[in-house]
Structure formats: C-alpha cells, structure tokens
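Hi everyone, thanks for making the time. Please have a look at the screen.

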Amino acid sequence: QVQLVESGGGLVQTGGSLRLSCAASGANLDYFAIGWFRQAPGKEREGVSCISSSGSSTKYADSVKGRFSISRDYAKSTVYLQMNNLKPEDTAVYSCAAALLGRNSGYVTNPDEYDYWGQGTQVTVSS
C-alpha cells in the first residue's frame with residue numbers, strides 16, 4: 001500500500017516562498033507519475049503541477065507558471081513543489097497524488113487517473 005505524506009506548508013507573506021514535500025512509502029516511486037493539486041475553501045480542486053515517472057516531463061497550471069517548480073528525488077522517494085513569489089490566491093490545501101504507470105510514463109493531469117492521495121498540507125499566504 002502506497003502512502004503519501006505532504007509537509008512544508010505554513011503561513012507566509014505575499015512574495016514569500018515555501019517548499020512542499022511529498023514523501024512516499026510502500027512502493028518504488030520510480031514507477032509513479034506524481035501530481036500536486038490544491039483546493040481553496042468554496043472552490044473546486046485545481047491541478048497545480050505534475051511530473052512524469054522519469055522526471056523528464058512536467059506541466060504547470062497557467063496560474064503558477066514561472067513561480068512554482070516541481071522536482072523529484074528518487075533516492076528519497078520524494079517529490080517537491082518549490083513555490084516562489086506566493087500570492088494570497090495561492091492559499092489552499094495542497095495535496096500530492098501518485099499514478100502507477102511504469103518507469104517511462106508521461107505526466108497525468110486528470111485527478112481521476114491517480115491511484116493514491118496524501119492528506120494535504122495547508123498553505124496560507126497573507127496579504
């Protein structure tokens with residue numbers, strides 16, 4: 001059973017930075033495409049960024065392009081989301097998800113295609 005645990009959330013001022021971590025256990029993360037999603041109160045879940053199992057392909061929502069960066073550390077079975085120049089509209093619960101697709105898969109944007117989800121970490125950006 002794959003378990004995903006997010007960390008790194010918190011309260012930050014506008015323009016600040018945070019780095020979220022998604023640590024996986026129970027399986028070799030090399031075979032999983034990973035995605036980061038967020039949900040703000042009263043809003044639908046939004047895809048933020050995703051990365052292929054090989055790490056060679058990434059995708060970002062238009063709202064975060066140029067500010068967020070996704071990466072993965074295979075040795076640590078961890079995927080990171082570096083968030084810079086944060087804005088109040090980035091405030092949300094951020095969750096990571098894993099899709100078992102094999103070593104050479106692409107990234108996955110559809111949340112319904114993910115097999116495992118973490119509990120989420122709160123990010124609050126004050127104005």
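Let me start with a question: is W117 buried, partly exposed or exposed? Keep in mind that this is a predicted model. W117 turns out to be partly exposed, since its relative accessible area is 29%.

Now for its partner. W117 forms a tilted aromatic pair with F37, with 5.0 Å from centre to centre and 50° between the planes. F37 counts as buried, because its relative accessibility is 4% and the cut-off for buried is under 20%. F37 belongs to strand β4 and W117 to strand β10, so this pair ties together parts that lie 80 residues apart in sequence. Y114 joins in as well: ring pairs link F37, Y114 and W117 into a cluster.

The charged end of R45 sits over the F37 ring, 5.9 Å from the ring's centre.

Next, the largest nonpolar core, which has 29 residues. The members that touch the most others are W36, F68, V79, L81, M83 and Y94. Several strands each give at least two residues to this core, including β4 (32-39) and β9 (92-100). Another core, of seven residues, lies apart from it, and F37, C50, A99 and V108 are among its members.

Finally, take a look at Y94. Beyond its neighbours within four places in sequence, Y94 contacts residues including W36, F37, F68, L81 and M83.

Conventions. Residues numbered from 1 in each chain as written. Predicted model: local features only at pLDDT ≥ 70, side-chain atom pairs only at ≥ 80, totals over all residues. Heavy atoms only, no water. Core = buried A, V, L, I, M, F, W, Y, C linked by side-chain atoms within 4.5 Å. Buried < 20%, exposed > 50% of the residue type's maximum accessible area, 1.4 Å probe, protein only. Helix = DSSP H or I, 4+ residues; strand = E, 2+ residues; numbered from the N terminus. Contact = heavy atoms within 4.5 Å. Phe/Tyr/Trp six-rings, centres within 6.5 Å; stacked < 30°, edge-to-face > 60°. Lys NZ or Arg CZ within 6 Å of the ring centre and 35° of its normal.
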